[in-house]
Amino acid sequence: MNKYLKSKTSLFLMEMIITILLFAACSAVCVKLFVNSYVMTKETVELNEAVSIAQGFAEVMRGTDGDIDSVIAHYPDAVYGGDGFFEVFYDGNFDICGFNDAVYVSDVTMTPNGAIQNMEVRIVRLSDYKDIYTLNATKYMNTTRG
């Protein structure tokens, strides 16, 4: 009788171990899915904000006379780099900030090409210098410049 109880107990323990291993495997898969979801959400928010910022620069260029001085006038915190180049720094919430608090930067390059003004806007994450979004925009100026 004692032998029969012992084998029943070991079978029950084996079943419990298999069940615990199954739940552990399922929870590991679920945790990985939640982490991937969080990363994808963060990248999507970054991309949406970067697209909005880049479109804002293009709209300012198209809404003004198109030269770099008129665009910089709309961004008082911009850092002018000379030769048609300026930068605007953003914090983690994509609010304009100074260089010391910056998490993202928008690099704007404006190059005149005859009667056409070209603008390239790059939004870059400063932690790994990865481009989040790049936008090229043009404006016809009616007069030859540069």
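Me: Helices (H or I, at least four residues) and strands (E, at least two) are DSSP runs here, numbered from the N terminus. Which strand does Lys 139 lie in?

Reply: Lys 139 is in strand β5, which covers residues 130–145. Keep in mind that this is a predicted model, where local features need pLDDT of at least 70, side-chain atom pairs count only at pLDDT 80 or more, and totals for chains, interfaces and linings use all residues. Residues are numbered from 1 along each chain as its sequence is written, and side-chain values use heavy atoms, with hydrogens and water left out.

Me: Thanks! Is Lys 139 buried or exposed?

Reply: Lys 139 is buried (under 20% relative accessible area, with exposed being over 50% and partly exposed in between, using a 1.4 Å probe and protein chains only). Even so, Lys 139 has no salt bridge (a side-chain nitrogen of Lys or Arg within 4 Å of a carboxyl oxygen of Asp or Glu).

Me: How far away is the nearest side chain of opposite charge?

Reply: That side chain is Asp 65, at 6.3 Å. Lys and Arg count as positive and Asp and Glu as negative, while His and the chain ends are not counted.

Me: What does the side chain of Lys 139 reach, then?

Reply: The backbone oxygen of Arg 62, at 3.3 Å. That is a polar contact (N or O atoms within 3.5 Å; within protein, one must be able to donate a hydrogen and the other to accept it, and residues adjacent in sequence count only if both atoms are side-chain atoms).

Me: And which residues does Lys 139 touch?

Reply: Leaving out residues up to four places away in sequence, its contacts (heavy atoms within 4.5 Å) include Met 61, Thr 64, Ala 115 and Gln 117.

Me: Tell me about Gln 117. Which strand is Gln 117 found in?

Reply: Gln 117 belongs to strand β4 and is buried at 6% relative accessible area. A polar atom of the Gln 117 side chain lies 2.8 Å from the backbone oxygen of Gly 66. Beyond four places in sequence, Gln 117 also touches Ile 68, Met 110 and Met 141, among others.

Me: Switching topic: how many salt bridges does the structure hold?

Reply: Four. One of them joins Glu 46 and Arg 125, with N to O at 2.6 Å. Glu 46 sits in helix α1 and Arg 125 in strand β4 (residues 104–125), so this pair ties together parts that are 79 residues apart in sequence.

Me: Is Glu 46 buried or exposed?

Reply: Glu 46 counts as buried, at 5% relative accessibility, and Arg 125 counts as buried at 14%. Glu 46, Arg 125 and Asp 128 are linked in a salt-bridge network.

Me: What about Arg 122? Which residue does Arg 122 meet at 2.9 Å?

Reply: Asp 131, in a salt bridge. Arg 122 also forms a salt bridge with Asp 107, the closest N and O atoms being 3.6 Å apart. Arg 122 is partly exposed at 28%, Asp 131 is partly exposed at 35%, and Asp 107 is buried at 11%.

Me: Last one: which residues form the nonpolar patch on the surface?

Reply: Val 31, Val 35, Tyr 38 and Val 39, with about 390 Å² of accessible area together. Val 31 is in helix α1 (residues 2–63). Patches use residues with over 30% relative accessible area and no salt bridge, joining like charges within 9 Å and nonpolar side chains (Val, Leu, Ile, Met, Phe, Trp, Tyr) within 5 Å. Areas are Shrake-Rupley with a 1.4 Å probe; for residues, only the protein chains shown count as cover.
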